[in-house]
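Thanks for coming. I will go through one structure, starting with a pair of strands and ending with the aromatic rings.

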Amino acid sequence: MSSAYQRITVTSALPYANGPKHIGHLAGAYIPADVFVRYQRLKGADILFVCGSDEHGTAIPNQALKEQTTPRAIIDKYHAQIRDCFQQFGIAFDIYHRTSEPIHHQTSQEIFLSLYNKKLLTEETSEQYYDETTNTFLADRYIVGTCPKCNHPNAYGDQCEKCGSTLSPRELINPRSTLSGKPPVLRPTKHWYLPLQNHEPWLRDWILTSHESDWKTNVYGQCKSWIDAGLQPRAMTRDLDWGIKVPLPDAEGKVLYVWFDAPIGYISATRALFDELASGKHQFATPQRSFANAKSDDWKKWWQAPDTRLIHFIGKDNIVFHCIIFPIMLHATGEYIVPDNVPANEFVNLEGDKMSTSRGWSIEMHEYLEDFPGRADELRYALLTNLPETKDSEFTWKDFQAKNNNELVAILGNFVNRAVVLTQKNFEGKVPAAGPWQPQDLAVIEQLKALPGTIAQSIEAYRFREATAGLIDLARLGNKYLADTEPWKVIKTDPDRVGTILHLALQIAANLAIVAEPFLPFTAEKLKKLLGLSALPWDEAGSTTLLQAGQVLADAPLLFQKIEDDIITRQLDKLVAKKKAAELAAQPVTPLKSEIVFDDFAKMDIRVGKVLQAERVEKSKKLLKLRVDIGLEERTILSGIAEHYDPATLVGQQVVLIANLAPRKMMGMESQGMILMAEDKDGSLRLVQPNAVVAPGSTVN
RNA sequence: CGCGGGGUGGAGCAGUUGGUAGCUCGUUGGGCUCAUAACCCAAAGGUCGUAAGUUCGAGUCUUACCCCCGCUACCA
């Protein structure tokens, strides 16, 4: 952290646009960055905050297959969703870009070519598994087979989850593709590698020597571990038709590795921002400050000037890419700067278990926003006080409720409310004039002056939990001041003294408006409106002259609402239900029955019938009694579908039935046939029907 | 298996260069009644994963072991 820095470039990890993002992502890379950036903006720093969607890589086309749509549709959908969620959580990017934009393809190819032309990439041909059904090379994860060590039949190509051994796809016995289920074949393929080991001396000096004391121990430790283990060449290209084309003549069907292009997205976003600022046409840009006289070329100084301080906010899964691979790429070009710090966070667990979108054990950003509209600050606060800064942390709904009720409502909201209500009752809602300070007041003023500095120190050291605690301490100070001075008693004997007390209490509230802004931006906005304040710089915090005597206060709104138990119970139920649904979805389909010959099939007389009447069978939970027209005659058929269909809705419906099944007595009645139903994974039943109306009695062959 | 991070009162966490543990919540008692039964004060509660060692003295250093999390290069 050299003071020679003139400006700060801040990035938050580009979210991968293959699905919704959960509150663990929010806590890891976005909220801390936002707090840092908002604080720096209040300090008047020359700072830039960029992010965007990461839209390449094999997982995108695979998700498209899953959702039966195109990769383009997937990224469009999730890009918009994630961008809107960030906006509603108040994450104030100057631009939220996307890696599918042409300018990003251009930037990535430029950097690739720069490395290539400097002879810093090597070419290698190797044999890779190829799926002939889908015409794709397979990533290790998409190959399964029998583990050579423990004989587990479903080991992945990179690792056996049963015995934990690390594997390569070639070691698997009877490998098969998870895309087609068929055995893959080996095919030679050429790729371009970045020999990381050539940059080891530089890397050691840069990280292990220069950043031994200012990087977080978890980040530093992981980097050291990687470097000590020995760096190797890493493939920078892939066989895939989704991504950025390798800009070389003999590279048909090859794209840049997603981890090559994704971090470059930060740079592309910056280029896009200054292009848009220069042209005045904003498509992705959402500038949060004035970038006066911006020119297209200005992006360079944010990425290439040595007096620019670059900071990457990420989760711990991204450490090696942001501390080793990306810096090597940038440094090797000879044109770019490398990060000053990478304050990676660990993970947030949820109710005792790892958060996982695919397993349904998560709170997705959009889900929270739907269930708690307009209450972004409440989650920001709960996550901020529980950030996984040094180790994995734990989010529970009960804790969320407690943080909201006992801290935001009871301490912060309540203090502001008390100060305002007392002013309205005793001074017609106008800020009273202050008389001479008494020792009691001076002690409070001293603490008030000290707190912003303490908070600032914490933020600059990336200790956001501690910083957030400082914010609440300021409100505590206010509550204690009121409790100690008891203005509701003094008003009977010394109204002037009460004026002084409330004047100071309201100055504390005004300070809260400044100090809260990085952490709780929406609340800070409400506070400013309440107190009639305009935007104030951070350096004004600690002052006792933010409000003028006579200033009229707005009606006291409640800054926060209590959250009752039933809301929390409902969220817990929802979580359990979601997990169950995910488990069902992941459940394998019923295995095939043994083979039959045509004659076995031909024995069945399957026909289409029309339901004429339908009614419940008395004393039966499951049975419906149906009267069905099968062309030749009318039949009575009993069917166990009462839990799935209301009888009235069945009348007139076409059904498929087995007409020559031997009659059978149920509940004292004879059923003359059997209606065919499709059974879903969760056991629910749906009618099997022709997709257009056919005559009753039509045969099914 | 190897490497990295972590194991501190009921819960979540701090603990700088070694000097017998702090914070928030919760609990209990008290005060107050302006306030969203909110606020303020006080107390109880931990021999700091286990064992051994260095030291006058260790949560803090060394060693061994146990547990949790992550990484191990195509899981983003």
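**Strands and rings**

Arg 627 stands opposite Thr 636 in S18. Before I go on, this is a predicted model, in which local features need pLDDT of at least 70, side-chain atom pairs count only at pLDDT 80 or more, and totals for chains, interfaces and linings use all residues. Residues are numbered from 1 along each chain as its sequence is written, chains are lettered from A and ligands numbered from 1 in the order in which they are written, and side-chain values use heavy atoms, with hydrogens and water left out.

Helices (H or I, at least four residues) and strands (E, at least two) are DSSP runs, numbered from the N terminus. Two strands pair if DSSP finds at least two bridges between them. S17 (residues 624-629) pairs with S18 (residues 634-639) in the antiparallel sense over six bridges. Four residues lie between the strands of this hairpin, and there Gly 631 takes a positive phi near 85°.

S17 also pairs with S16 (residues 606-616), again antiparallel and over six bridges. Here Leu 626 of S17 is the bridge partner of Ala 614.

Which residues of S17 are on the covered face? They are Leu 624, Leu 626 and Val 628, while Lys 625, Arg 627 and Asp 629 form the uncovered face. In a regular strand the side chains alternate between the two faces of the sheet.

Now the rings. Rings of Phe, Tyr and Trp (its six-membered ring) pair if their centres lie within 6.5 Å; planes under 30 degrees apart are stacked, over 60 edge-to-face, and the rest tilted. The structure holds 28 aromatic pairs. One of them is Tyr 30 with Phe 86, which is tilted because the planes are at 40°, with the centres 4.5 Å apart. Tyr 30 is in helix H1 (residues 23-42) and Phe 86 in helix H3 (residues 71-88), so the pair ties together parts 56 residues apart in sequence. Buried means under 20% relative accessible area, exposed over 50%, and partly exposed in between (1.4 Å probe, protein chains only). Tyr 30 counts as buried at 4% relative accessibility, and Phe 86 counts as buried at 1%.

Phe 36 and Phe 313 have ring centres 5.8 Å apart and planes at 50°, so this pair is tilted. The pair links Phe 36 in H1 to Phe 313 in strand S13 (residues 308-313), 277 residues apart. Phe 36 and Phe 313 are buried.

Finally, ring pairs link Phe 89, Tyr 368, Phe 372, Phe 395, Trp 397 and Phe 400 into a cluster.
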